[in-house]
Amino acid sequence: MACLLEAPLRISVLSEVTATSRHYVDGLFHPDPQKVLQGVIDMKNAVIGNNKQKANLIVLGAVPRLLYLLQQGSSSSELRTECAVVLGSELRTECAVVLGSELRTECAVVLGSELRTECAVVLGSELRTECAVVLGSELRTECAVVLGSELRTECAVVLGSELRTECAVVLGSLAMGTENNIKSLVDCHIIPALLQGLVCPDLIFIEACLRCLRTVFISPVTPVQLLYTDPTVIPHLMSLMSRSQRTQEYITQIFSHCCKTPEHQTVLFNHGAIQNIAPMLISPSYKVRMQALKCFSVLAYENTQVSTTLVNVLVDGELLSQVFVRMMQRDRPIEMQLTAAKCLTYMCRAGAIRTDDRCIVLKTLPCLVRMCSKERLLEERVEGAETLAYLMEPDVELQRIASVTDHLVAMLADYFKYPSSVSAITDIKRLDHDLKHAHELRQAAFKLYASLGSNDEDIRKKITETENMMDRIVSGLSESSIKVRLAAVRCLHSLSRSVQQLRTSFHDHAVWKPLMKLLQNAPDEVLVMASSTLCNLLLEFSPSKEPILESGVIELLCSLTQSDSPALRVNGIWALMNMAFQADQKVKGEIMRALGTEQLFRLLSDPDTNVLMKTLGLLRNLLSTRPHIDQIMSSHGKQIMQAVTLILEGEHSIEVKEQTLCILANIADGNTAKELIMTNDDILQKIKYYMGHSNVKLQLAATFCISNLIWNEEDGEADAMTGSQERQDKLRELGFVDILHKLTQASDPNLCERAKTAMQQYLA
């Protein structure tokens, strides 16, 4: 029954919409341009602050007609012609009446005077009347034509220009509605129409078009690439900047919101963005200065070319960096201080300004710390904390300075209590806003803690000793917001680099449990960070290693090694490598079974060098202690030797080949496994080659391998002694002794010592 009632209800609502809004749209099609203009103005007044009315007009098809009027006025004479026809008719009539009246009077006076002298009273009266009629008619017509033509043209131009401008204003108002409104406008191709309107010489119309474009482009649903489709648009926008303060404000704001990629930065840079925008930093208009500042922050972000150029720019004889420093002064608006600090932060991270520069250490960093205080608005605290985290992320000295500035570590604890029950916020709308966005504060705090504690042990200790910090991190790992979970696990990862914290705080709070839960079902971005943290928790000295092993983590880690993401493959194999370090045979066996021979050797041919290195590290850890070496090589020896051969023959880095030779050295330490090397002449020749290599690391690893092969067994059993003697004899025949003798004279002390140790086995 409900379904039967629903349709009539919808029809009723649609009818109501049509009835209340249709006349606005109908007015756009009136034949009288003056009434069209009035209709557009009425529509403008109707939609101000009324999202429902905006949606109604879009549904009723107002946008295509508005765009038509906007484009017709700027691209053809059709509208002017219509205006001219209507206005011309009125003007001709009006002029005829006025001129006729005046001419009749004049003619009557002149002619009457002359004719009275020559003719009788009666004849004079008749002639005056006749002449006045004839002359008046001709003059009226001629004057009306001339004046009407000029006035028609002038009025049509004025009316057309005003109509175009009002259309742009209404479209801009419609764009201020919902995201669905923006989508509808974009689907109607509003952006190309407005960009075309910018070629008009009328400044008021240009400003209206730019204002509408600004509103459309700042919406997250607008494809910013539309700004770059036509290569002539950016240079034309650059040329319009100098027209007025409004064009400067709107265009820089458009650039700020449409500069999303390095390619966009390059386009704007190549078309003179820096030269055109820099003078705006000293504009008398605050809005212009702020938009220029925001544009520079977007251009400089992770862009070395832009940042190094900005360092040398002069604004009214002053270096740009010093202009930014002045803008960070405490008496400037908070928005300006924060944005200027972001500009200097991005220039520093791009390598254009040193991290120990005074403008960074004494100005930018303290400014960003100030933004974190509880006196600031929520969004200011969030942006300040995240920018500060980014500034000091790679620099331990900045981290140390920040950690002792204005009690920052303790200050961040307030981020988790906001807004409190005794909040000073009296504005109900602000309180409602902050309650909805409080998770952003927690996210920012976790990010800043992660950056602060990424290198220094004392700072990590200070963070973990902050009230309820570990409990807050554990809670953050299960928050509904994916961004908070990511920031929390990033903070945990930073703290997990501490041996002390792994042994104390991490163990006491059993952080591995929520971490394992997070790994079960999360986006790749979270998985990467969570699996990186797990790698640290699986280190030998971590108390969490045993319970993690018992939770069945091996299957999970093996599944990560099959991911399409190189970062996840690296972390999966890295965690297995840590797990295999000094592990018992049972754990190693489980790893080999879960990973599988095929997957192991697939990883050994992975195109990502990091994956290959960690796989070699895993194999090296698996092949440690003689019983384990012999057991694994008895099952997988043939495949392992094939993989080793391929790597040593391939085009790999020194580090990869060094790790591979170390695996051979481990195999050579086995009781039975070493025979796989001794019976493989190809491998022996490769070892010989690397003993004479120009790289000392490869020489040392290869020499270590030979040292293990010729080592005299300590147990003294006859068979073992015989085996070592046979190996020594074979290696002597292959020329290894001569090479060892030469290496005893090597300049590298470690290589020299290793060669001497090996030579002693021949003398034993």
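**A helix and some rings**

Let's start with helix H18, which covers residues 358-370: its 13 residues reach 17 Å from first C-alpha to last, close to the 18 Å expected at 1.5 Å a residue. That expected span is 1.5 Å times one less than the number of residues, and helices here are DSSP runs (H or I, at least four residues), numbered from the N terminus. The model is predicted, so local features need pLDDT of at least 70 and side-chain atom pairs count only at pLDDT 80 or more, while totals for chains, interfaces and linings use all residues. Residues are numbered from 1 along each chain as its sequence is written, and side-chain values use heavy atoms, leaving out hydrogens and water.

**Helix H18**

- H18 bends by about 30° at Thr-364, with the proline Pro-366 following within four residues; the bend is the angle between axes fitted to the seven residues ending at a residue and the seven starting there.
- Asp-357 caps the N-terminal end of H18, with a side-chain oxygen 2.9 Å from the backbone nitrogen of Cys-359.
- Among the buried residues of H18 are Cys-359, Ile-360, Thr-364 and Leu-365 (buried means under 20% relative accessible area, exposed over 50%, partly exposed in between, with a 1.4 Å probe and protein chains only).
- The cover over those buried residues includes helices H16, H17, H19, H20 and H21.

**The tyrosine cluster**

- The structure holds six aromatic pairs: rings of Phe, Tyr and Trp (its six-membered ring) pair if their centres lie within 6.5 Å, with planes under 30 degrees apart counted as stacked, over 60 as edge-to-face and the rest as tilted.
- One of them joins Tyr-301 and Tyr-346 edge-to-face, at 4.9 Å centre to centre and 70° between the planes.
- Tyr-301 sits in the loop between H14 and H15 and Tyr-346 in H17, so this pair ties together parts 45 residues apart in sequence.
- Tyr-301 is partly exposed, at 36% relative accessible area, whereas Tyr-346 is buried at 12%.
- Tyr-301 also pairs with Tyr-390: the ring centres are 5.7 Å apart and the planes at 40°, so this pair is tilted.
- Tyr-390 lies in helix H19, 89 residues from Tyr-301, and is buried at 15%.
- Put together, Tyr-301, Tyr-346 and Tyr-390 form one aromatic cluster.

**Charges over rings**

- Arg-164 lies over the face of Phe-205, 5.3 Å from the ring centre (the rule: NZ of Lys or CZ of Arg within 6 Å of the ring centre and within 35 degrees of the ring normal).
- Lys-614 lies over the face of Trp-574, at 4.4 Å from the ring centre.

Technical notes. Helix = DSSP H or I, 4+ residues; strand = E, 2+ residues; numbered from the N terminus. Contact = heavy atoms within 4.5 Å. Polar contact = N/O pair within 3.5 Å; in protein donor to acceptor, adjacent residues only side chain to side chain.
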